[in-house]
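Take a moment to look over the sequence and turn the model around on your screen. Then let us walk through it together, from the whole chain down to single residues.

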Amino acid sequence: MTRALRAALAAAASAVLLAGCAVTADAGGPAATTPPADTRPFSELDFYPDPRLAEGARTAVVATDAVDPIAHDAAQLLPATVVSHDPDGDRDVVVRDTSRVIALDLAGSLAATVWGLGLGDTLVGRDMSTTFPGTEHLPIVTSGAHAVNAESVLALRPTLVLTDGTIGPRDVLEQLRESGVTVVFLENEASLEGAVQLARDTGRALGVAEVGELLAERIASEVDTVRAQIAAVAPSDADKKLRIVFLYLRGTSGIYYLFGAESGADHLIEALGARDVAAELGWEGMRPMTDEAMVEADPDVVLVMTNGLASAGGVDGLLEAKPALALTSAGKHERFVDMGDGQLLSFGPRSALVLDALARALYAKP
């Protein structure tokens with residue numbers, strides 16, 4: 001993903017969230033309930049002969065929301081000189097102290113990666129999307145619109161702030177630098193491959209390059225295993241593959257956005273052995289949903305975030321609010337698959353778990 005496109009996505013995401021509410025916050029509708037995870041071996045599941053003909057809504061639940069560290073008490077080699085991919089260009093930054101770290105991004109991937117490196121005890125604050133076990137006690141330093149609060153950050157006396165440019169405002173991050181805080185912008189491509197590279201880059205920034213490589217290898221290996229399992233059950237014929245769209249919605253605020261190419265949803269859908277219809281129609285990033293676009297896309301399945309679906313009053317409320325959805329194959333069969341807001345597009349150490357849970361909801365009978 002180019003820096004320009006990443007900035008555009010960040011701006012669009014901020015606009016959505018400013019008009020609505022945070023990805024992981026209560027969406028203002030009825031409380032979303034999470035069913036228990038299906039922990040049976042993937043090979044023992046009963047799969048649909050043709051997943052396009054399946055009916056009914058499903059919730060994809062990861063086997064565990066915990067992030068398992070690849071190492072403990074790894075020796076850090078500091079200072080470490082790394083490239084910070086600032087919005088206005090790359091610069092070299094020297095990281096000297098990682099005793100108090102804040103990792104900030106729109107999806108919570110950075111904090112999960114720090115935790116996965118075995119350095120979770122260095123985290124002193126979190127963004128609103130960082131919700132995995134062990135982080136509950138950390139103060140939140142972003143607002144409901146995923147904007148960084150400089151005073152909240154400085155009050156925690158961080159020695160290092162890691163970010164990817166998906167949240168801001170930019171002048172707040174500059175203010176942190178001017179206050180003496182080391183700030184490093186890391187590349188964070190919203191893809192499974194991006195999660196692997198993020199592990200390497202975060203490891204270098206924290207002075208544990210070798211551990212970063214180990215985490216990268218584990219993520220890649222786990223994802224490859226799940227993708228192979230999916231390939232064994234997903235239709236190989238392009239005409240028979242599931243046609244999927246990702247819809248970001250906040251019904252209480254009237255927000256309905258389709259995610260297209262380079263939004264992260266496209267990489268996720270492709271890894272699920274399916275077709276991203278929005279990307280095929282030429283949609284880039286995230287754009288407001290129109291009735292015409294949804295009818296033209298005619299998806300078999302609509303992916304949504306759990307709290308987003310709850311905010312629209314569930315499947316029935318969503319179909320009532322957006323009659324065009326009812327005209328699609330997904331609407332006729334009520335094929336909506338929801339997943340936790342802090343999980344669905346959070347590429348990082350839990351990528352394989354997310355893929356596995358979604359594949360079960362798409363291809364296996366309940």
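**A walk through the chain**

Let us begin with charge: the protein chain carries 28 positive and 51 negative side chains, and the centres of these two sets are 1 Å apart. Keep in mind that you are looking at a predicted model.

Now step back to see the whole fold. The protein chain contains 14 helices and 13 strands. Its radius of gyration is 20 Å, close to the 21 Å that the globule rule gives for 366 residues, so the chain is as compact as a globular protein of that length. Along the principal axes, the C-alpha atoms fill a box of roughly 55 × 40 × 35 Å. Of the 366 residues, 57% are buried. If you take the contacts between residues at least 6 apart in sequence, 71% of them join residues at least 24 apart.

Next, find helix α2, residues 109–116. How many of its residues are buried? Eight of its eight residues are, so the helix is mostly covered. They run from S109, L110, A111 and A112 to T113, V114, W115 and G116. The cover over these buried residues includes the strands β4 (101–104), β5 (123–125) and β6, along with the helices α5 (192–205) and α6 (209–233). After α2 comes G118, which has a positive phi near 85°.

One of those covering strands, β6, spans residues 160–163 and holds T163. T163 has 0% relative accessibility, and because buried means under 20%, it counts as buried. A polar atom of the T163 side chain lies 3.0 Å from the backbone oxygen of L104. Beyond its neighbours within four places in sequence, T163 is in contact with L104, L110, L173, V183, V184, F185 and L186. L110 is also one of the buried residues of α2.

Let us move to a loop towards the end of the numbering. L344 sits between β13 (336–339) and α14 (351–363). Is L344 buried or exposed? With a relative accessible area of 1%, L344 is buried. Its contacts, again leaving aside neighbours within four places in sequence, are F246, L268, V304, M305, M339, V354 and L358.

S263 is buried at 9% relative accessibility, and its side chain reaches the backbone nitrogen of A265 at 3.2 Å. E262 lies in this loop between β9 and α7 too, but E262 counts as partly exposed at 26% relative accessibility.

Finally, look at some backbone details. Most residues other than glycine have a negative phi, and most peptide bonds are trans. E262 is not a glycine, yet its phi is positive, about 65°. D73, also not a glycine, has a positive phi of about 55°. D73 belongs to the loop between β1 and β2 and is exposed, at 75% relative accessibility. P79 is in the loop between β1 (58–60) and β2 (80–86), and the peptide bond from L78 to P79 is cis, with omega near 5°. A cis peptide bond also joins G168 and P169, with omega about 5°; P169 is in the loop between β6 and α4 (170–178).

Methods:
Residues are numbered from 1 along each chain as its sequence is written. This is a predicted model: local features need pLDDT of at least 70, side-chain atom pairs count only at pLDDT 80 or more; totals for chains, interfaces and linings use all residues. Side-chain values use heavy atoms; hydrogens and water are left out. Helices (H or I, at least four residues) and strands (E, at least two) are DSSP runs, numbered from the N terminus. The radius of gyration is taken over C-alpha atoms; the globule rule is 2.2 Å times the number of residues to the power 0.38. Buried means under 20% relative accessible area, exposed over 50%, partly exposed in between (1.4 Å probe, protein chains only). Contact means heavy atoms within 4.5 Å. Lys and Arg count as positive and Asp and Glu as negative; His and the chain ends are not counted. The place of a charge is taken as NZ of Lys, CZ of Arg, CG of Asp or CD of Glu. A polar contact is a pair of N or O atoms within 3.5 Å; within protein, one must be able to donate a hydrogen and the other to accept it, and residues adjacent in sequence count only if both atoms are side-chain atoms.
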